[in-house]
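This report describes one protein model for a reader who is new to structural analysis. Please keep the sequence and the structure in view while reading.

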Amino acid sequence: TTYVPAAAPAYDAVGYASWYGSESGNRTANGEQFRPGWVTAAHTTLPLPTYVEVTALDTGRRIIVRVNDRGPFAQGRIIDLSRGAAEELGIKAQGHAPVRVRRIEPSEKDRERLRKGKPAGGLAPVPARELQRLRAQLGVRPR
């Protein structure tokens, strides 16, 4: 599959995320070594690297993720999270989950942490009313 990067400074989408982690040691699309425990992701068109806020629509939990690879390769997914990102977001056990993915410009401190494989600073959960609106966009009900 060929992916064509797009700037998309206002990228904001709801859909499904999955996670991957068995490719340890392989090279990502931007040439870095893939490290499953790091908080990274694969996206079809966002420039590499790009930083996104990923929200689990089941729980409202949010994290900042560094996009450094191309994918997802599973049909119907908008992002593939590393195992580390899936654990941080609390969706690893599910395998896939409804999410919101929004491009952001994090602080330099958060960028530095993510470049070193550490999670960015914590984010407050999404307020209930906003979470309800996002779920309605995707047509999902809370568990």
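## Gly95 and its surroundings

Leaving aside neighbours within four places in sequence, Gly95 is in contact with Ala17, Ser18 and Trp19, where contact means heavy atoms within 4.5 Å. Gly95 and Ser18 are 77 residues apart along the chain, yet their C-alpha atoms are separated by 5.8 Å. Gly95 is placed in the loop between helix 1 and strand 6. Helices (H or I, at least four residues) and strands (E, at least two) are DSSP runs, numbered from the N terminus. With a relative accessibility of 28%, Gly95 counts as partly exposed. Buried means under 20% relative accessible area, exposed over 50%, and partly exposed in between (1.4 Å probe, protein chains only).

## Basis and confidence of the model

This is a predicted model, in which local features need pLDDT of at least 70 and side-chain atom pairs count only at pLDDT 80 or more, while totals for chains, interfaces and linings use all residues. Residues are numbered from 1 along each chain as its sequence is written, and side-chain values use heavy atoms, with hydrogens and water left out.

The chain has a mean pLDDT of 92, and 96% of its residues reach 70 or more; pLDDT is the predictor's confidence in each residue, from 0 to 100. Among the elements of the chain, strand 3 has the highest mean pLDDT (98), and helix 3 (residues 128-138) has the lowest (94).

## The nonpolar cores

A nonpolar core is a set of buried Ala, Val, Leu, Ile, Met, Phe, Trp, Tyr and Cys residues joined through side-chain atoms within 4.5 Å. The largest such core has 27 residues, of which Val54, Val65, Ile79 and Leu81 touch the most other members. Two or more residues each come from strand 1 (12-20), strand 3 (50-56), strand 4 (62-69), strand 5 (79-82), helix 1 (83-89) and strand 6 (96-104). A second, separate core consists of five residues, including Val14, Leu57, Leu131 and Leu134.

Which residues does Ile79 touch, not counting residues up to four places away in sequence? They are Tyr16, Ala17, Ser18, Ala41, Ala42, Val52, Val54, Pro72, Val99 and Val101.

## Aromatic rings

A pair of aromatic rings is described by the distance of the centres and the angle of the planes. Rings of Phe, Tyr and Trp (its six-membered ring) pair if their centres lie within 6.5 Å; planes under 30 degrees apart count as stacked, over 60 as edge-to-face and the rest as tilted. The structure holds one aromatic pair. Its members, Tyr20 and Phe34, are stacked, at 4.8 Å centre to centre and with 10 degrees between the planes. Tyr20 belongs to strand 1 and Phe34 to the loop between strand 1 and strand 2 (40-42), so the pair ties together parts that are 14 residues apart in sequence. Both Tyr20 and Phe34 are buried.

A further ring is that of Trp38, over whose face Arg35 lies, at 4.6 Å from the ring centre. A charge sits over a ring if NZ of Lys or CZ of Arg is within 6 Å of the ring centre and within 35 degrees of the ring normal.

## Two buried arginines

Arg100 is located in strand 6 and is buried, with a relative accessible area of 11%. Its side chain makes a polar contact with the side chain of Glu130 (3.5 Å). A polar contact is a pair of N or O atoms within 3.5 Å; within protein, one must be able to donate a hydrogen and the other to accept it, and residues adjacent in sequence count only if both atoms are side-chain atoms. Leaving aside neighbours within four places in sequence, Arg100 is in contact with residues including Asp12, Glu53, Arg133 and Leu134.

Arg111 lies in helix 2 (residues 108-115) and counts as buried at 18% relative accessibility. A polar contact of 2.3 Å joins the side chains of Arg111 and Glu105, and the Arg111 side chain also reaches the backbone oxygen of Pro106 at 3.2 Å.

## Backbone features

The peptide bond from Leu48 to Pro49 is cis, with omega near -10 degrees; Pro49 is found in the loop between strand 2 and strand 3. The peptide bond from Gly71 to Pro72 is also cis, with omega near 0 degrees, and Pro72 lies in the loop between strand 4 and strand 5.

Ala8 has a positive phi of about 45 degrees although it is not a glycine. Ala8 is in the segment before strand 1.
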